[in-house]
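Here is a short briefing for a reader who is new to this structure. Start with one term, then move on to the sheets and the ligand.

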Amino acid sequence: MLKIKNYINGQLVEPQAGRYLDNVEPATGKVYSHVPDSEPSDVERAVVAAEQAFPSWSAMPAEERSQRMLKIADLIEARIDEFAKAETVDNGKPLALARAVDIPRAVKNFRFFATSILHSHSESHVTGGTAINYTLRQPRGIAGLISPWNLPLYLFSWKVAPAMATGNTTVAKPSEVTPMTAYMLSEICCEAGLPPGVLNVVHGLGAKVGAAITAHPKIMTISFTGGTVTGREVAKAAAPLFKKVSLEMGGKNPNIVFADADMDQALDNSVRAAFANQGQICLCGSRIFVEKSAFDSFVERFIRATKALKVGDPLEKGSDQGSLVSKAQFEKVGNYVNLAAEEGGEILCGGAPPPPVNDRCKDGYFFQPTAIVGLGTDCRVNQEEIFGPVATITPFETEDEVIDYANGTTYGLSASVWTQNLNRAHRFGERIDSGTIWVNCWLLRDLRVPFGGMKQSGLGREGGDEALRFFTEPKNVCIQT
Ligand code: NAP
């Protein structure tokens with residue numbers, strides 16, 4: 001059975017202690033490979049390699065760094081089908097999704113940041129005839145990058161690419177639940193001739209490897225994506241050392257449908273926003289609010305569309321929904337659905353695992369897409385992030401009321417608003433407390449825009465110039481003229 005290796009100092013290496021964890025294919029519930037159960041000593045080796053690589057990588061002209069990263073992008077693209085299949089086996093997501101979204105986006109992440117460093121500029125300020133100031137933006141050193149399991153290579157590369165592009169070296173930890181494509185990326189970095197130590201990938205548990213990265217005194221930049229509870233631990237570890245930290249965390253995103261919306265468009269996208277990737281996207285619209293006059297017909301059509309989604313073997317063509325990522329996630333979703341019933345909710349569809357989708361997947365972690373009505377907006381199911389295929393639908397009457405509902409959680413990652421009223425769209429853009437507000441769309445991404453969350457969804461922003469700024473240190477040079 002395949003043993004994934006760490007990637008340290010340009011080499012694929014075993015974890016020093018020789019211990020491994022099982023890696024499960026969630027669609028079958030079976031162990032299919034092993035992932036290093038690394039120790040802080042492995043992180044230490046990676047830090048030494050990153051430290052040695054930093055002087056030459058950071059001094060390399062941007063064009064040369066760019067070329068190496070473009071080579072990585074080309075090599076991933078050349079193996080796109082292999083990567084997509086690996087992501088599906090590791091994560092449970094439909095193959096079509098991995099092929100159309102996850103892997104192409106990883107390729108784009110490398111290309112985007114490899115080319116943006118060729119066009120970036122820094123500021124200068126002329127001080128009234130007495131001085132000229134200019135801002136140097138220099139790489140910060142070793143960046144620690146920690147990513148989750150829901151969009152494995154997509155989010156891993158979203159951190160690795162800007163960190164490397166700006167001249168930092170990196171120690172990165174993918175989720176131990178979905179390590180495979182980060183391992184394949186390590187192989188590609190070897191093939192692309194990336195200088196040793198620029199990217200180091202240390203696999204293993206968050207509590208050991210992640211914690212060793214966040215606590216390491218030589219890793220002064222931390223970019224983390226994951227749950228809010230973990231983000232708090234990362235912030236606690238980083239604070240005493242005054243590390244620069246970017247935290248991308250959970251969400252409980254409102255999806256607001258007004259009666260004047262293009263209802264076909266609002267419906268299709270509300271279903272997609274609720275259930276894409278089995279509801280395991282931080283940006284999923286899990287709280288749907290529908291204007292009262294349109295509520296009954298919306299619910300009826302939403303249920304029909306949800307029931308039409310095919311839950312199936314993620315490797316089979318035609319499966320709209322694959323399996324959840326793990327047994328733990330499967331149990332968590334089931335517990336929340338039970339809680340919804342206790343809290344007075346009416347489960348209109350789903351609410352349980354489907355019958356076995358086929359023989360291969362009879363022990364997999366499948367759950368039917370579930371829609372619930374009749375819950376109060378303050379109940380736990382409407383307040384806590386479930387991160388699974390569960391959406392609640394709630395009626396509203398006025399703009400003020402639905403703004404209160406939308407803003408009435410501790411999260412503030414994203415929101416969608418469906419309306420033909422342009423003034424209302426602007427009002428919602430201003431009044432909703434979230435890092436992204438989509439109007440008449442969902443998950444429409446432009447890699448240049450600031451991406452991140454407010455409140456307990458995030459600290460700092462990724463994407464475009466924000467990422468280039470995060471991974472660099474601005475220094476002002478003031479010259480008297
Ligand atoms: P998680 O449990 O918080 O884990 C995220 C990463 O942190 C994993 O690599 C994890 O390792 C590691 N980790 C765990 N404990 C750690 C510690 N004490 N110190 C340092 N690192 C530690 O999140 P997840 O369950 O993988 O992902 C789901 C969550 O991510 C959801 O809340 C979702 O909303 C959020 N998310 C947010 C965004 C965004 O952009 N805002 C995007 C995607 C996902 P292990 O896997 O080994 O535990």
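Two strands pair if DSSP finds at least two bridges between them. With that in hand, take one example: the bridge partner of Ile-256 in E18 is Val-417. The model is predicted. The points below cover two open sheets and the surroundings of a ligand.

**The mixed sheet**

- Strand E15 (346-349) and strand E19 (436-439) are the edge strands. Each of them pairs on one side only.
- On average, neighbouring strands of this sheet are turned by 25 degrees against each other, direction ignored.
- Strand E13 covers residues 254-257, and strand E18 covers residues 414-418. These two strands run parallel and are joined by 3 bridges.

**The antiparallel sheet**

- Another open sheet has 3 strands, in the order E6-E7-E21. Its pairing is antiparallel.
- The edges are strand E6 (124-127) and strand E21 (472-480). Each of these edge strands pairs on one side only.
- From one strand to the next, the twist averages 20 degrees.
- E6 pairs with strand E7 (residues 131-139) over 4 bridges, in the antiparallel sense.
- Thr-127 stands opposite Ala-131, which belongs to E7.

**The ligand and its shell**

- Where does the ligand sit? The space taken by the ligand is the largest pocket.
- The ligand is surrounded by 31 residues. The closest are Glu-176, Gly-227, Thr-230, Met-249 and Glu-385.
- Which elements each supply at least two residues of the shell around the ligand? They are helix H7 (206-215), strand E11 (219-225) and helix H8 (228-238).
- H7 gives the most to this shell, with 4 residues.

**Polar atoms at the ligand**

- Ser-147 has a backbone N or O atom 2.8 Å from an oxygen atom of the ligand.
- Ser-175 has a side-chain N or O atom 2.9 Å from an oxygen atom of the ligand.
- Gly-226 has a polar backbone atom 3.3 Å from an oxygen atom of the ligand.
- How much of the accessible area that the ligand has on its own does the protein cover? The ligand on its own has 910 Å² of accessible area, and the protein covers 87% of that.

Methods: Residues are numbered from 1 along each chain as its sequence is written. This is a predicted model: local features need pLDDT of at least 70, side-chain atom pairs count only at pLDDT 80 or more; totals for chains, interfaces and linings use all residues. Side-chain values use heavy atoms; hydrogens and water are left out. Axes are lines fitted to C-alpha atoms, for helices over the stretch in contact, and angles run from 0 to 180 degrees between N-to-C directions. A residue is near a molecule or strand if one of its heavy atoms lies within 4 Å of it. A polar contact is a pair of N or O atoms within 3.5 Å; within protein, one must be able to donate a hydrogen and the other to accept it, and residues adjacent in sequence count only if both atoms are side-chain atoms. Accessible areas come from the Shrake-Rupley method with a 1.4 Å probe; for residues, only the protein chains shown count as cover. On a 1 Å grid over the protein atoms alone, a cavity is a set of points where a 1.4 Å probe fits but cannot get out, and a pocket is an open set with protein on both sides within 12 Å along at least five of seven lines; lining residues have an atom within 4 Å of a point. A molecule sits in a cavity or pocket if more than half of its atoms lie within 2 Å of its grid points.
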